[in-house]
Amino acid sequence: MAVRAIRGATQVDADDREQLLEATRELVQTVMDRNALRSEDLISILFTATPDLVSEFPALAARELGLGDVPLMCATEIAVPHALPRVLRLMAHAETPTARADIQHVYLRGAVALRRDIAQ
């Protein structure tokens, strides 16, 4: 068993609380499904949001999925002028037997443009 970091991102159309929560739930669930993770495999999840997203904490969506006992943290991405707007990112740390090369990083919606090299 190894500790692995799994990256993911998604983009929302607007700074709308329900859109943010729905997109975050989709991102977290997809990361877990594609990497065959259970909540007990998760060590922690760090969420970031671009500075234009302030309607809700992304961690709330993870708690709504039943991850209330997983340490969760939210932060703001640095405001780089040419950055893609309205992006939610996560970095999940998990215990898994999956080799680093086989980890499935997840980029959804418009965030696929961030990492075309590893987007699924």
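**Salt bridges in the predicted model**

Good morning. I begin with Asp41, which is buried at a relative accessible area of 10%, where buried means under 20% relative accessible area, exposed means over 50%, and partly exposed lies in between, with a 1.4 Å probe and protein chains only.

The structure before you is a predicted model, in which local features need pLDDT of at least 70 and side-chain atom pairs count only at pLDDT 80 or more, while totals for chains, interfaces and linings use all residues. Residues are numbered from 1 along each chain as its sequence is written, and side-chain values use heavy atoms, with hydrogens and water left out.

Asp41 has a charged partner: Arg38 forms a salt bridge with it, the closest N and O atoms being 3.0 Å apart. By salt bridge I mean a side-chain nitrogen of Lys or Arg within 4 Å of a carboxyl oxygen of Asp or Glu. Arg38 is itself partly exposed, at 48%.

Arg38 also forms a salt bridge with Glu40, and there the closest N and O atoms are 3.0 Å apart. Glu40 is exposed, with a relative accessible area of 51%.

I turn now to Arg17. This residue forms a salt bridge with Glu18, with 3.2 Å between the closest N and O atoms. Arg17 is partly exposed at 35% relative accessibility, and Glu18 is partly exposed at 45%. Both residues belong to a network of salt bridges that links Arg17, Glu18 and Glu56.

How many salt bridges does the structure hold? The count is eight. Thank you.
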